[in-house]
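Student: Could we go through this structure together, a piece at a time? I'd like to ask as we go.

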Amino acid sequence: MIRFDRVGKRYPGGIEVLARVSLEIARGELVVVTGPSGAGKSTLLNLMAGIELPTVGHVAVNGENLSRMRPRALPYLRRQFGLVFQDHKLLYDRSVFDNVALPLRIVGFDAATIPGRVSAALDKVGLLDRSRSPPIALSGGEQQRLCIARAIVHRPAILLADEPTANLDPDYAAAIADLLLSLNRAGVTVVIATHDRAVSDRLPTRRIELRAARLHEAAA
Amino acid sequence: MKVWVAAHRYAARQALARYARRLLAASFESAVLGLAAALPLAFLVAVNNIADFAARHPATPEISIYLALDATPAEVKDVAERLRRIEGAEVRFISRTEASKLLRRSAALADVLDALPSNPLPDAFTLRLAIADTHRLDAFRREIAAWPRVDRTHVDSAWAQKLEALVHAGRLAAACLGALLGLGMLAVTFNTIRLQMLQRRDEIEVSRLIGATEAFIRRPYLYFGALQGFFGAAVALALVAALDAIASQELAALSESYGIILELQPLPVGTSGGVLAAGAALGLAAAWFCAARAARARGLRI
Ligand SMILES: Nc1ncnc2c1ncn2[C@@H]1O[C@H](COP(=O)(O)OP(=O)(O)O)[C@@H](O)[C@H]1O
Ligand SMILES: [Mg+2]
């Protein structure tokens, strides 16, 4: 489903973040990417969603080379993904409901079906009773879960979660890990980037460690 | 199709909500646009009214009719009869002696006339008609020119032509002013939209990241621009209508004291509709330029 073919990434004027790494993620897999802060986990996820392009080599999603993709086709690629951003990227002047509804409006869902889908997504993350609140009124853990709700509301094939448990206390972190696991069991391909050992240890799955710009597969 | 309609409905609602959320500022912006647009519009109304007034109160252009020098008094009388039969005509006869007297008022010309063996001036009529249309007037003149003993005819419509030229120039000036201020309105709306996009850069960024097309991102701003242009045009029309009402009152008082009918014609409904459409189109264009620029500068340096 996602394929990295000797991908190198170097930001302008920066160091080499990835040094010709190859990687294959199959449909329905759950993959945890670990590594210390600054190792390039976010970069790896951004390369998957075409947010960044590789300096050398190529990334393919469903067989399509992202570097050769027309800019017009990019939004449609993005819709196959659910993205949980490290910095949340919530819209603080909109309600919880409107934040979650945004991907549905972008994709162009029938307005009549939107409330039901939003409610279902909010229910999955336990925020159904907060749908009228502004995100700012939510705790850190709740905001994190709101991000997940927004990422899954349009039923994407792939979920990319960047540090989904950052700054959360262990109970919350465990709950979110369980949520991601249940989504994966429901058929979603999930890639999680985390430097949180508690999370990676909790998920009995394929683990990739980023070290010195290279990938190291670790057995579950 | 359904997706398209839903997307447009969403964008329109967004634009309306944005307008409503900053109603005071947005109304102020519309008012500024309206004030700017009211200027050429008021000018246009004034020019239109001058043209209209001129048409209804023609400068009664005169047709001068010169008879043959050897026309007999009976023949002159005959022409006079025929002229008087024309409906609404105001006929004045200037006999050759009278004409000669008039010329003699100038000393230089008097000398010239004295030097001549006989009075070179023919009997003449002036005919005033309530016809403003120069073409119809000319047709009339040609008809009279064909009468027996009529030597030369001449329409003295210089005044009407001058006015016509003036009205034409006035309309041109209104158009130029309109174009200039339209450009200014374009710039104002462009700036408003630019600020809005700047304020909403986070939303734009996250929308792109989760799969929004440029069209989706652009759409609410297009609606907003069109809305603002439309309201601006509406303000301008309201201002012009108010000016019109005030001026009409003044004119009514004047009419009474002079016993003539002076009435201001408001902008025709079609023109008003056109102004509203033009306002909306202008706002739309400004938003379009702004969004296109923002899309080009991808990294959200808008
Ligand atoms: N947009 C960028 N421009 C320049 N350097 C960047 C950019 N994004 C990340 N980096 C650098 O790339 C390296 C890897 O960053 P990142 O992928 O965010 O790591 P991680 O998510 O593992 O903390 C870091 O040294 C970071 O400073
Ligand atoms: Mg990171």
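**Contacts, metal site and loops**

Tutor: Setting aside neighbours within four places in sequence, A:I2 is in contact (heavy atoms within 4.5 Å) with A:L23, A:E24, A:I25, A:M48, A:A60, A:F81 and A:I158. This is a predicted model, in which local features need pLDDT of at least 70, side-chain atom pairs count only at pLDDT 80 or more, and totals for chains, interfaces and linings use all residues. Residues are numbered from 1 along each chain as its sequence is written, chains are lettered from A and ligands numbered from 1 in the order in which they are written, and side-chain values use heavy atoms, with hydrogens and water left out.

Student: Which residues touch the most other members in the largest nonpolar core?

Tutor: They are A:I2, A:F4, A:M48, A:F81, A:L160 and B:M197, out of 57 residues in that core. A nonpolar core here is a set of buried Ala, Val, Leu, Ile, Met, Phe, Trp, Tyr and Cys residues joined through side-chain atoms within 4.5 Å, where buried means under 20% relative accessible area, exposed over 50% and partly exposed in between, with a 1.4 Å probe and protein chains only.

Student: OK, the metal now. What are the protein donors of the magnesium ion?

Tutor: The magnesium ion (ligand 2) has A:S42 (OG) and A:Q86 (OE1) as its protein donors, lying 2.0 to 2.4 Å from it. Donors are N, O and S atoms within 2.8 Å of the metal (3.2 Å for Na, K and Ca), and water is not among the atoms, so the site may look incomplete.

Student: And where do A:S42 and A:Q86 lie?

Tutor: A:S42 is in helix α1 (residues 41-48) of chain A, while A:Q86 is in the loop between β6 (81-84) and α3 (96-107) of chain A, so the pair ties together parts that are 44 residues apart in sequence. Helices (H or I, at least four residues) and strands (E, at least two) are DSSP runs, numbered from the N terminus. A:S42 is partly exposed, with a relative accessible area of 24%, and A:Q86 is also partly exposed, at 41%.

Student: Switching to backbone angles, what is phi of A:R155?

Tutor: Phi of A:R155 is near 50°, which is a positive value in a residue other than glycine. A:R155 sits in the loop between α5 (140-152) and β7 (158-162) of chain A.

Student: Is A:R155 buried or exposed?

Tutor: A:R155 counts as exposed, at 65% relative accessibility. A:A213 has a positive phi too, near 65°, but A:A213 is buried, with a relative accessible area of 12%.
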